[in-house]
Amino acid sequence: MSTYNRRQLNKQRVHPEIQQIIRNSEPANMQAKRHYQKAHANREKRILFFGAIFATIFAVQLLISQVKLHAANATLTTTQSRLIAVKKANSELKADQKRLNDPTYLQQILRDKYGYTKSGEIVYNLPSDHN
C-alpha cells in the first residue's frame with residue numbers, strides 16, 4: 001500500500017459545526033495575514049531606510065577622511081621639498097663659513113669684489129671675450 005493511501009485512511013471527516021467555525025474564521029485569518037504582511041513590509045522599509053542613512057554617513061566620513069589625507073600628503077610633500085632646499089642652503093652657508101676662515105679666500109674676495117691691492121701692485125683690467 002502506498003504512502004498516499006495510508007494517509008487517506010487516517011483522515012477523518014470534520015464535524016460540520018467545526019467546518020462552519022473554520023469557514024467563519026477565514027476572513028479574520030486573511031485580515032491577520034494582511035496585517036502581518038503590511039507590518040513586515042513596513043519593518044523592512046524602516047530597516048532599509050536606516051541602513052541607507054548609515055551607509056551614507058559612512059561614505060561621507062570616508063570621503064572626508066580621504067580629502068584630509070590628500071591635503072596632509074600635499075602639505076607633507078611641499079614641506080619636504082622646502083626642507084631639502086633649506087638643508088642645501090644651510091650646507092652652502094656652512095661651506096662659505098669654512099672658506100671665510102681661510103686667509104687666502106678672504107684675500108681673493110677683497111681683490112675681486114672690492115678692488116683691494118697690495119702696496120706697489122699694478123692692476124690690469126683686460127676686456128672679456130663674452131661680447
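In the predicted model, aspartate 96 forms a salt bridge with arginine 99, with 2.7 Å between the closest N and O atoms. Both residues belong to helix α2, where a spacing of three residues places them about one turn of the helix apart. Aspartate 96 has a relative accessibility of 30% and therefore counts as partly exposed; arginine 99, at 37%, is likewise classed as partly exposed.

The structure holds two salt bridges. In the other, the side chains of glutamate 121 and arginine 111 meet at 2.8 Å, N to O. This pair links distant parts of the chain, since glutamate 121 lies in the segment after α3 and arginine 111 in helix α3, ten residues apart. Glutamate 121 is partly exposed, with a relative accessible area of 35%, and arginine 111 is also partly exposed, at 28% relative accessibility. Side chains of opposite charge can pair when their charged atoms come close.

Glycine 115 follows α3 and has a positive phi, near 70°.

Helix α2 covers residues 16-100. Within the predicted model, the C-alpha atoms of leucine 93 and threonine 56 are separated by 55 Å, the two residues being 37 residues apart along the chain. Leucine 93 is placed in helix α2 and, with a relative accessibility of 57%, counts as exposed, because the threshold for that class is over 50%.

An unreviewed UniProt entry lists residues 47-64 as "transmembrane region". In the model, the chain over residues 47-64 is 100% helix and 0% strand, and the end C-alpha atoms of this stretch are 26 Å apart.

Note on methods
Residues are numbered from 1 along each chain as its sequence is written. This is a predicted model: local features need pLDDT of at least 70, side-chain atom pairs count only at pLDDT 80 or more; totals for chains, interfaces and linings use all residues. Side-chain values use heavy atoms; hydrogens and water are left out. Helices (H or I, at least four residues) and strands (E, at least two) are DSSP runs, numbered from the N terminus. UniProt positions are given in the numbering used here, feature names are shortened, and annotations may be inferred rather than shown by experiment. Buried means under 20% relative accessible area, exposed over 50%, partly exposed in between (1.4 Å probe, protein chains only). A salt bridge is a side-chain nitrogen of Lys or Arg within 4 Å of a carboxyl oxygen of Asp or Glu.
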